[in-house]
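Here are my notes on this model, point by point. Please keep the structure open while you read.

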Amino acid sequence: MANEEKSKPKMGFTIIKNDPTDGHKGFGIGSLSLENVSPVIVDVTEGTAVVDIGAMHAKSEVERGIKFTMNREDSAGGKDYWLVWVTIDHKESGAYFAGVTACEMVVNREKRRGYKILADHVNKMDKSMKRHIIVDHMDEASKKILADFLKSHNEEMWNNSEEKLRQDLA
């Protein structure tokens, strides 16, 4: 009985759907709702873009089985990717891409090594949720892949989005 200690409830990062307060007080008040944030993985080499929800927890198809470091040389010869955080919001004219931020990632499957800066990924997700557009550092080919993906996903949302998004991805 001496070994029995009351374990304190651990406060983890909780993804909550819809309104976190939802009419009741208590746990979850003030928590972030990530319902409208989606991670899009842009494969620069293949010229493709896909939504991969696993990226919310750094467990996308691209990231699985890879040990990431902040040293580019560890993943030399690898494939370039962009993890793009896309936040959707609504205004009078309808839904639109409100926040779009891109993070760099390099993955070398043979070496099972990758390059990314986790803090940058977290900060860019936060910026996306705060309705920022940060894509100007992407290469031209990747910008076109992302623009085409967003347009094909929902052209009305693309047209409702800020002019800055369309210009930065042009």
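Predicted model: local features only at pLDDT ≥ 70, side-chain atom pairs only at ≥ 80, totals over all residues.

1. Start with Lys 67. Its relative accessible area is 48%, so Lys 67 is partly exposed. Lys 67 belongs to strand S3, which covers residues 67–69.

2. Now step back to the whole chain. The protein has 4 helices and 7 strands. Along the sequence, the order is β-β-β-β-β-β-α-β-α-α-α. There are 170 residues, and 39% of them count as buried.

3. Next, look inside. The largest nonpolar core has 22 residues. Val 84, Val 100, Leu 146 and Leu 150 have the most contacts within this core. Several elements give two or more residues to the core: strands S1 (37–43), S4 (79–91) and S5 (94–108), along with helices H2 (140–153) and H3 (155–160). Helix H2 gives the most, with 5 residues.

4. Then turn to the charged pairs. The structure holds 12 salt bridges. One of them joins Glu 63 and Lys 116, with the closest N and O atoms 2.6 Å apart. Glu 63 sits in the loop between strands S2 (48–51) and S3, while Lys 116 sits in the loop between strand S6 (113–115) and helix H1 (118–129), so this pair ties together parts that are 53 residues apart in sequence.

5. Lys 130 is exposed, with a relative accessible area of 53%. Asp 126 is partly exposed, at 29%.

6. Go back to helix H2 for another pair. Asp 148 forms a salt bridge with Lys 144, and their closest N and O atoms are 2.8 Å apart. The two residues are 4 apart in helix H2, so about one helical turn separates Asp 148 from Lys 144. Asp 148 is partly exposed, with a relative accessible area of 34%.

7. Finally, find a group of three. Asp 43, Glu 46 and Lys 79 are linked in a network of salt bridges.

Notes. Residues numbered from 1 in each chain as written. Heavy atoms only, no water. Buried < 20%, exposed > 50% of the residue type's maximum accessible area, 1.4 Å probe, protein only. Core = buried A, V, L, I, M, F, W, Y, C linked by side-chain atoms within 4.5 Å. Salt bridge = Lys/Arg side-chain N within 4 Å of Asp/Glu carboxyl O.
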